[in-house]
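Welcome, and please load the model in your viewer. We will go from one selection to the next and look at what is there.

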Amino acid sequence: MTTTTPDVDAVVVGAGFGGIYMLHKLRNELGMTVQGFEKGGGVGGTWYFNRYPGAKSDTESYIYRYSFDKQLLQEYDWHTRYLDQPDILAYLEHVVERYDLARSIKLNTEVKSAHWNDDTALWTIRTADGQQLTCRWLVNALGLLAKSNIPDIPGLKSFAGALVHTNAWPKDLDITGKRVGVIGTGSTGTQFICAAAKMVEHLTVFQRTPQYSVPSGNGPVDPAEVAETKKNFDKIWDQVKNSVVAFGFEESTVEAMSVSEEERRRVFQENWDKGNGFRFMFGTFCDIATNPEANAAAAQFIRDKIKEIVKDPETARKLTPTDLYAKRPLCNEDYYETFNRPNVSLVSLRETPIEEIVPEGVRTSDGVLHELDVLVLATGFDAVDGNYRAMDLRGRGGKHINEHWTEGPTSYLGITKAGFPNMFMILGPNGPFTNLPPSIESQVEWIADLIAKADREGLRSVEPTFEAERRWTDTCKEIADATLFPKAESWIFGANIPGKKHAVMFYMGGISSYRQQLADEAASGYRGFALERAAETAGASA
């Protein structure tokens, strides 16, 4: 007889924002037996591993948190407009302690494989240290930005100094007074550059692609403002969850070309002064991301700012992007200003590529050897699907997830995958392109509701149909193609990984629309799913 009694009801893989809330919902609210696994030595996910100088959220502090616990919203304070990594990690650790979740999380434990058994309708989970257990429900909270992208550069391993990826920053690495090089100028790279320049003897920035960056407007927040925000949290969260990008501002409804050039520049300047990348892209005019003419106006405004801010004309030229303003928008306190510092130099890898890494540092094609004590790889992530592909994840018929994703990663609603019953993904492929905690909450609550329904109704398995998944993929592509984002080389379409097939990876219809899609699916009785009842297979395991 094949046993159909699992070791635990559910396994949650990952203990970042998604895994923590999922564990709370399943164990504390639904009363299930749940085992959490986290490969890191502590909870926090992204915010445990990314300890590089300057690491912070680019979402404002008051909405970079959970909203489900109204008492916690009132009790927990913030002191700056944006939260630094230690603040976010401390917050997540506090939530884990508040809900007594640590006893259900095994740290330093990487899940290596998860196999679905058609006969028992259970998942078998195996970890790197040899543990094995079965569960009925598998929830992967692996993180959007969690699998490091290590570039293939000749001689990389020969470097005699400290070589570090920003996603694995050692606790004991101090760059103060050192000669430091950094490869990459994306969100992570620009944050690191702004912080490191103030600490090091010399910083050499190896820029692969010039970036559009706007000010963040970061700074201290007055306690009176915090108190006022807390009074208005109900209204604030209602606005966030019924907006487009969930960043806490009202998105513009005005088209850029419907106003005069003078008015456009006034609006751009006003939002430049307020700060925040998403605000500049979505709060100025409604068509920056969709209308080439509007996009060009926003891009030119930023280019003019670079020329105005950066004192050395040659450095300004290298820093100035010429492509579309259509990547995930960046913001920093003083990015362009940093290149006016005497201890910062810029190397454009488009003009002088890296030839090789040598023990002493980095040699570029112009013959220059850039001598370094520390080389930092701010080269980003194999985002969205990277961690799924790295796992031995097999659904019906023992089919590996890579076999399903030959044309790019797909899902239904960014949460489930056809061929993988009773498995859920938090921030899976084609989930919403937003401030992440509100989207995570929406997904976790939806997953918990479906699991509760399955338990109430005695369902053996729940699984989206391939047709529902195809329709969702088409919807996400159709929306993305209506924007300028696919026309830019960006990690949000997989373009940062050599050989990776470019594919749509986000639902760009906004969080309000996305939440409505989730609500409609539930209200329809989960029409996009095959709901298999236990009675339909009674005796099959005998």
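This is a predicted model: local features need pLDDT of at least 70, side-chain atom pairs count only at pLDDT 80 or more; totals for chains, interfaces and linings use all residues.

**Stop 1: helix H5**

Select residues 187–196, which make up helix H5. The buried ones are Thr 188, Gly 189, Thr 190, Gln 191, Phe 192, Ile 193, Cys 194 and Ala 196.

**Stop 2: the five-stranded sheet**

Three of those names belong to our next selection. Show the open sheet whose five strands run in the order E9-E18-E10-E11-E14, with parallel pairing. At its edges are strand E9 (162–165) and strand E14 (344–348), each of which pairs on one side only. On average, neighbouring strands are turned by 20° against each other, direction ignored. Helix H5 packs on this sheet, where it touches E10, strand E11 (202–207) and E18, and its direction makes about 160° with that of E11.

Walk across the sheet pair by pair:

- Strand E10 (residues 179–183) and strand E18 (residues 374–377) are parallel and share four bridges. Pick Ile 183 and you will find Leu 377 of E18 opposite.
- E10 and E11 also run parallel, joined by five bridges. Here Val 180 stands opposite Leu 203 in E11.
- E11 and E14 pair in the parallel sense, again over five bridges. Look for Gln 207, with Ser 348 of E14 opposite.

Are E11 and E14 mostly covered or mostly open? Colour them by accessibility: five of the six residues of E11 are buried, and in E14 the count is four of five.

**Stop 3: the nonpolar cores**

Stay with Leu 203 and show its side chain. Which residues does Leu 203 contact, once neighbours within four places in sequence are set aside? They are Val 180, Val 182, Phe 192, Ile 193, Ala 196, Ala 197, Asn 343, Val 344 and Ser 345. Leu 203 is also, with Phe 192 and Tyr 325, one of the residues with the most contacts inside the largest nonpolar core, which has 131 residues. A second, separate core of 22 residues includes Phe 37, Trp 116, Ile 125 and Leu 138. As background, nonpolar side chains in soluble globular proteins tend to be buried together.

**Stop 4: the three-stranded sheet**

An open sheet of three strands lies here, in the order E15-E16-E17 and with antiparallel pairing. Its edge strands, each pairing on one side only, are strand E15 (354–358) and strand E17 (369–371). From one strand to the next the twist averages 20°. E15 and strand E16 (residues 361–364) are antiparallel partners over four bridges. To see one of these, select Ile 354 and its bridge partner in E16, Thr 364.

**Stop 5: aromatic rings and charges**

Finally, show the Phe, Tyr and Trp side chains. There are 40 aromatic pairs in all, counting ring centres within 6.5 Å. Why is the pair of Trp 137 and Phe 424 stacked? The ring centres are 6.1 Å apart and the planes meet at 25°, so the pair falls under the 30 degrees that stacking requires. This pair links distant parts of the chain, with Trp 137 in strand E8 (residues 132–140) and Phe 424 in strand E20 (residues 423–425), 287 residues apart. Both Trp 137 and Phe 424 are buried.

For an edge-to-face pair, select Tyr 526 and Phe 529, with 6.0 Å from centre to centre and 85° between the planes. Both of these residues, Tyr 526 and Phe 529, are buried.

Next, select Phe 17, Tyr 21, Trp 47, Tyr 64, Tyr 66, Phe 68, Tyr 76, Tyr 91 and Tyr 99 together: ring pairs link them into a cluster.

The charged end of Lys 39 sits over the ring of Phe 49, 5.8 Å from the ring centre. Arg 51 lies over the face of Tyr 48, at 4.7 Å from the centre of that ring.

Methods
Residues are numbered from 1 along each chain as its sequence is written. Side-chain values use heavy atoms; hydrogens and water are left out. Rings of Phe, Tyr and Trp (its six-membered ring) pair if their centres lie within 6.5 Å; planes under 30 degrees apart count as stacked, over 60 as edge-to-face and the rest as tilted. Helices (H or I, at least four residues) and strands (E, at least two) are DSSP runs, numbered from the N terminus. Buried means under 20% relative accessible area, exposed over 50%, partly exposed in between (1.4 Å probe, protein chains only). A charge sits over a ring if NZ of Lys or CZ of Arg is within 6 Å of the ring centre and within 35 degrees of the ring normal. A nonpolar core is a set of buried Ala, Val, Leu, Ile, Met, Phe, Trp, Tyr and Cys residues joined through side-chain atoms within 4.5 Å. Contact means heavy atoms within 4.5 Å. Two strands pair if DSSP finds at least two bridges between them. Axes are lines fitted to C-alpha atoms, for helices over the stretch in contact, and angles run from 0 to 180 degrees between N-to-C directions.
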